[in-house]
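This report looks at how two chains sit together. Read it with the structure open.

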Protein chains: 2
Amino acid sequence: MNQTIETILNHRSIRKFKPEKLSEEQVQTIVRSAQQASTSSYMMAYSIIGVTDEEVKDELAEITMQSYVKNNGHLFIFCADYHHVTSQAPQSTYDKMLANLENSEHFLVAAIDAALAAQNAAIAAESLGLGICYIGSIRNNISRVDELLHLPDHVIPLFGMVVGVPAHQPEQKPRLPLKAVYHENSYKEHQQELNQFNEEISHYYASRSENTRTDTWTDQMLRRFTKPMRMDVTDHVRKKGFNKK
Amino acid sequence: MNQTIETILNHRSIRKFKPEKLSEEQVQTIVRSAQQASTSSYMMAYSIIGVTDEEVKDELAEITMQSYVKNNGHLFIFCADYHHVTSQAPQSTYDKMLANLENSEHFLVAAIDAALAAQNAAIAAESLGLGICYIGSIRNNISRVDELLHLPDHVIPLFGMVVGVPAHQPEQKPRLPLKAVYHENSYKEHQQELNQFNEEISHYYASRSENTRTDTWTDQMLRRFTKPMRMDVTDHVRKKGFNKK
């Protein structure tokens, strides 16, 4: 076990930060780390918006219903971005590009590119003693977030990440058993591992230091998936030129 | 600068490996590192297949047209996975879940969850002195790869990753200038930075130690995007229950 793997295995999402802001140097180190991630066919199909404007942060905290979107050391928004390419295409070339830009393949590529970059940013930040939390809830109102950040066509906000000096140290949340996630050569059913996990997680929820409750992972997931969530993401994504066919 | 950030900034994709296979312990460390990544609303919407069967590796090398998909220390395939949840839902609950499972939001969530996990795996492997390369080209024939791995409904292969002891040390590929990727508060046009990058990259292609050529990033991207790529991904993804609406 080395220091890097220790950092990775020690991850927990941090939702309370000390008031210190990240230095310019920390922000640059985190962004450069993000950029060094692998990228599909060299497309680098993402961009990052650092939000420091307090009015914009207020509105993002409201959209996400998370006060730590306002109160943190720095807020990054990771976007899918083909504008790097489309902005340079003559009209006739652009027209020919649409079949690719609008298919599921290239929606996937941009989401994956952005996420690989983001996870490098997360690990870099954590290695500096900072805490992080991903903010998927910017998609609670994806079109408003898009508007707030003035994103052009072929750029959409995917998720945020808050970074800062941790002001709490929550327990680590258990993960699915390795055998439920990792299979050799072909996919295996894993009901037994899921049952075992539900026992473990109900103990975790009953005994953790904050927000104790009676629950299992399966119950939590079934509740979550039966409630329609962010149904407007589909339309917004298409409106901006992604995932249309 | 610490060791973790050094590892991150030192990344280059490795495509030639020594014949050593990863140990069981190395595979487990890499998978556990993957699992510790953040996950949207605790969904853990991914799974990983480790491919060791030589016949399956032969066919994957053919599909991806990459010999290193066969010749490596270990091959991981990262999948989007809602089967962890759907496999536990009674029929009436399952029917109610479809609106969520089939929207773009949940296609995004699974792709992002899988990519965050994968990048943790990549960094963990690199911190152990191993090299890695992502394999997006498993999507050259996504339905055949899906079949080879016996993936059930609501599981699709997204990308592979080969890991092993490096047998070469290629140059690092330049990244877009920081100002083309990172914007403060709102998106800025960045034609000047892209021009500057094209100069840099044409020098890189002309002077690197292998496969020299005359090219710019923009030309490469425009060529790539005008050629229809993996147009069957859209249909396959829908057939498996993702991204239908």
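The model is predicted.

## Extent of the interface

Chain B brings 119 residues to the contact, and chain A brings 119 residues. The size of an interface is often given as the accessible area lost when the parts come together. Between chain B and chain A, about 10,300 Å² is buried, and carbon and sulfur atoms give 60% of that area. Tyr42(B), Tyr187(B) and Phe225(B) supply 9% of what chain B buries against chain A, more than any other three residues.

## Polar contacts and residue classes

Side chains of opposite charge can pair when their charged atoms come close. Across the interface of chain B and chain A there are 4 salt bridges. Glu105(B) forms a salt bridge with Arg139(A), and their closest N and O atoms are 2.6 Å apart. Polar contacts link 66 residue pairs between chain B and chain A, counting pairs with both residues at pLDDT 80 or more.

Helix α6 of chain B, residues 104-127, gives the largest share of the side that touches chain A, namely 15 residues. Sorted by class, this side of chain B holds 60 nonpolar, 44 polar and 15 charged residues.

## Strands across the interface

Within β1(B), Ile49(B) is the bridge partner of His183(A).

## Salt bridges in the whole structure

How many salt bridges are found over all chains? The search of the whole structure gives 24. In chain A, the side chains of Lys16(A) and Glu210(A) meet in a salt bridge, at 3.6 Å from N to O. Lys16(A) is in the loop between α1 (3-9) and α2 (24-35), and Glu210(A) is in the loop between α9 (191-207) and α10 (217-225), so this pair ties together parts of chain A that are 194 residues apart in sequence.

Conventions: Residues are numbered from 1 along each chain as its sequence is written. Chains are lettered from A and ligands numbered from 1 in the order in which they are written. This is a predicted model: local features need pLDDT of at least 70, side-chain atom pairs count only at pLDDT 80 or more; totals for chains, interfaces and linings use all residues. Side-chain values use heavy atoms; hydrogens and water are left out. Contact means heavy atoms within 4.5 Å. Buried area is the accessible area (1.4 Å probe) that two parts lose on being put together, summed over both. A polar contact is a pair of N or O atoms within 3.5 Å; within protein, one must be able to donate a hydrogen and the other to accept it, and residues adjacent in sequence count only if both atoms are side-chain atoms. Helices (H or I, at least four residues) and strands (E, at least two) are DSSP runs, numbered from the N terminus. Ala, Val, Leu, Ile, Met, Phe, Trp, Tyr, Cys and Pro count as nonpolar, Asp, Glu, Lys and Arg as charged, and the others, Gly among them, as polar. Two strands pair if DSSP finds at least two bridges between them.
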